[in-house]
Amino acid sequence: MASKQFGKSRSNISTSSDAAEAGRPPVPPSVTFARRTSSGRYVSYSRDDLDSELGSVDFMNYTVHIPPTPDNQPMDPSISQKVEEQYVSNSLFTGGFNSVTRAHLMDKVIESEANHPQMAGAKGSSCAIPGCDAKVMSDERGQDILPCECDFKICRDCYVDAIKTGGGICPGCKEPYKNTDLSDLAPDSSRPPLPLPPPAGMSKMERRLSLMKSTKSALMRSQTGDFDHNRWLFETSGTYGYGNAFWPKDGNFGSGKEGDGDAVEPQDLMSKPWRPLTRKLKIPAAVISPYRLLIFIRIVVLGLFLTWRVKHQNKDAIWLWGMSVVCEIWFAFSWLLDQLPKLCPVNRATDLNVLKDKFETPTPSNPTGKSDLPGVDVFVSTADPEKEPPLVTANTILSILAADYPVEKLSCYVSDDGGALLTFEAMAEAASFANMWVPFCRKHNIEPRNPESYFSLKRDPYKNKVKPDFVKDRRRVKREYDEFKVRINSLPDSIRRRSDAYHAREEIKAMKMQRQNRDDDEPVEPVKIPKATWMADGTHWPGTWLHPSPDHSRGDHAGIIQVMLKPPSDEPLNGTSEGFLDLSEVDIRLPLLVYVSREKRPGYDHNKKAGAMNALVRASAVMSNGPFILNLDCDHYIYNSQAMREGMCFMMDRGGDRICYVQFPQRFEGIDPSDRYANHNTVFFDVNMRALDGLMGPVYVGTGCLFRRIALYGFDPPRSKEHSSGCCSCCFPGRKKQSHVPEENRALRMGDSDDEEMNLSLIPKKFGNSTFLIDSIPVAEFQGRPLADHPAVKNGRPPGALTIPRELLDASTVAEAIAVISCWYEDKTEWGTRIGWIYGSVTEDVVTGYRMHNRGWKSVYCVTKRDAFRGTAPINLTDRLHQVLRWATGSVEIFFSRNNAFLASPRMKILQRIAYLNVGIYPFTSIFLIVYCFLPALSLFSGQFIVQTLNVTFLSYLLIISITLCLLALLEIKWSGISLEEWWRNEQFWLIGGTSAHLAAVLQGLLKVIAGIEISFTLTSKSAGDENDDDFADLYIVKWTSLMIPPIVIMMVNLIAIAVGFSRTIYSVIPQWSRLIGGVFFSFWVLAHLYPFAKGLMGRRGRTPTIVFVWSGLVAITISLLWVAINPPAGSNQIGGSFTFP
């Protein structure tokens, strides 16, 4: 196993402080590179061999130990950086707290051969020099670079040796090399000239910050002496280079003198009519006006009804009256919390053509028409490959890699919180299959770009396909995908067999060593070797082993980062017509793909999914630093390849810099046609979320959300003081406080101070001591701004600012990423309290969104014509109840925490505050709901009712309340687009969940708050179905859980009560039919809502024996007769009273 070793990846602050405490000067960590070939030869690389610029003291805190060889001279920087990136992408980085960061150079990542030039794993031909089996140099297509005309295969290191110590003689033909410059060996591709190289001595981070630290132009500084973000791209000290948005007509541009140059002015770009990227579609007045009027009418009627109920007591059953009145008052309050935020629903639409015109069309600031869109980092989280099948995760990754977004601007990070080799190799297989799948999708415009969903479509796959080779290509790709699925399914057995074989080999070696070292008289002891899990290249897996051992278990393993697909080249790279698919006109580049498994150690609180997401935020900031982050669950894939472009329309539109996230609705597949348990949740996603979009925006629901990175960092929105006028801002606008600090200097601001820029010395205490991470913050903020293409656009960036190529990956960057995902990094920082995903709740998604809204950010709900994302949902009753239990428990935690909407800041609007208040209060409705569900049965058992008599006033109120409820439901259906059946299914499951999971959530939440008892939740297993391929097999599986007890008791008690009520009334001397009708009506109301629950208990149709229903009827009749015998009606001392059978 080859290895590269790095010193402890801790930044300057922590290293210096630790050294000072020890009483000795700080020793910077070292960076050395070493690789051992299979022949036993050690090949060493110095830092200067790989990147001459990185040897400067300006680069972070790493020093370079150069081997003492006189021939060690730097090579061309551009080639050396690409060579190092090739080594980085082929290395598995591991490390953590108090451990050395290592990079294991992997000969192969999977058993099959890696055939894409970007994919991890050594590729290409081996060096022909005896004793060296390194790989020869390759270009962007993965083709060998052969420096001699004799085509002698030689690796980079042997070639450098031949040039510097061998007199420039080719070892193959013994002739001198005609060209000894590596930069000239690369194949000539008609690429535009590179920008001017940075000045000597400039570090990598300074290049990453472009000209943001330049002091050569006085105009690039504001009056306060601070950097002016809005000017840095308009004025440079050269005629071209990094950051030049406007091309001057002579060489004097940027000297700071008026009239020196005749440059293109920003106004020239504004000659075209400005077009918005999005528009708000208001609900028609014919629908929304009656809707609001009905809400007002129902509020008034409820108030009058409750007043009447309080004043008119039932003297005969005061206890029944009291319970019913309390429950009805709570129901009215709960309905009010749910209904008020629905007063201002909106619909939105995007214009992708305008987005293309603004960001991907040639302009004076972007002559080549290269994409000026900001970068997007996509996060996919998984934790357990046994409960979250690797094939599902692999399909999600493939849909991301094939998304319609600029390849060089897209990065995908997969968080494996279980550290499983199975997930690692499944990712590698997915990266290998992407070599064929992604170009196929681009060539034929495939939708959806999840291969499992695409090949399972029931519609005609050839519709609207015009290319003659589509049928052949589809057949070939389908066959490759079938083979890919078989490889994924066989990975567990393959890993187990491989590990057993290597373990047996190690045992044999150990036994041989034992025989050689022991004396003849010593007894033979059995050899004990830990049973490790082995990777495809014959080395130990640094994560969780199949047989856990210290440092290799689920809660105790090193941090791991593997670049599965290295960053693509900056220019399009078309394929060839050779092979199975004709890709000569298709861009075959793939986005950056990174596997991340954060470090876990005993004694640390890793904070479940929220901690994993924060680790991805930091690692991505160091490696790619996309200003926007899209997070997806492993079972939610991209169904609309242009979904990211749709979300970017909102972020890049006027005022988009104040949007913290764009939430997409969740859509689900594999749900039974009747949607028995309201799994689609359409009332929430199409009614409640659209309504919230008319306020400050929808809540964050955990997946399918496009974040602004700066908002996740806990910063306040731009111009926050201008928009902060308290909770009654719509009625009583406050006076705007005038600030003398330019807005560009207040773009990164935390807290309530508006007088000056945030104190930069406090940033390490908030974000940790990684200077890589801290330096990336202003870059992400600037790159995430909208275009300054209109005078009304505030806090914008000049066009053409994001067309420069991204930095190449180097080893120190990945080593720093290992440091920021270590278990110690968040100690004494604000990660999880203000920054990133918020800790302390099982529903970290809602809390994270609440904190952003509380700081004044706005969110947007993006409903696309074609669903943006699709996922899976549990259709089994037990799994569904446990899912609802988790959500409700998180809401109870929110209510008893500092995230309660009662404690919201004045920046949050009153209706948004009510919406968040409802999020924390709705589980408590279960207490009153269960009592109310038993009231009909108690009424039938006792012969009383909640009112003295069913008079006209009570029936009138009941009729008006019911009619207004029905009319409101019909109008909601009208403006939201849902169906009546979906609305009814939601009502049914509201009662099912309210009488089961919500009550348990309230009890668990109270136990946590009062007694400190923590609640642990497990992932819901994805069912493999029955032996016959029934898509809905899970629907009929009955798995017992204690959550089923309350609904079962409610059903049985109400059924028995109906039988008792009928018996009592029939056998009475004077039948009280009004009380019977009232009680039976409400009992049927309860049973109608619980019908899906009862159907779920019966299992598959036809499997429940008929005798069960017969027995149930006999038991109900017997109990009812027994009740009448024990408590006969008044005026009768026998069963039946005056009633006799003929």
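Predicted model: local features only at pLDDT ≥ 70, side-chain atom pairs only at ≥ 80, totals over all residues.

Residues are numbered from 1 along each chain as its sequence is written, and side-chain values use heavy atoms, with hydrogens and water left out.

Overall, we've got 32 helices and 21 strands (DSSP runs, H or I of at least four residues for helices, E of at least two for strands, numbered from the N terminus). Of the 1142 residues, 55% are buried, meaning under 20% relative accessible area with a 1.4 Å probe, protein chains only.

Now the pair. Helix α14, residues 608-623, and helix α21, residues 811-820, have axes that come within 9 Å and cross at roughly 165° (axes are lines fitted to C-alpha atoms over the stretch in contact, angles run from 0 to 180 degrees between N-to-C directions). So α14 and α21 are roughly antiparallel, which is the label for angles over 145 degrees. On the α14 side, the contact (heavy atoms within 4.5 Å) is made by Arg618, Ala619, Val622 and Met623. From α21 come Thr813, Val814, Glu816, Ala817 and Val820.

Last stop, isoleucine 288, in helix α7, residues 285-311. Is isoleucine 288 buried or exposed? Buried, because its relative accessibility is 6%. Leaving aside neighbours within four places in sequence, isoleucine 288 touches Ile283, Leu343 and Pro345. For leucine 343, 55 residues apart along the chain, the C-alpha separation is 8.2 Å.

Note on methods. Parallel < 35°, antiparallel > 145°, perpendicular 65-115°, else oblique. Buried < 20%, exposed > 50% of the residue type's maximum accessible area, 1.4 Å probe, protein only.
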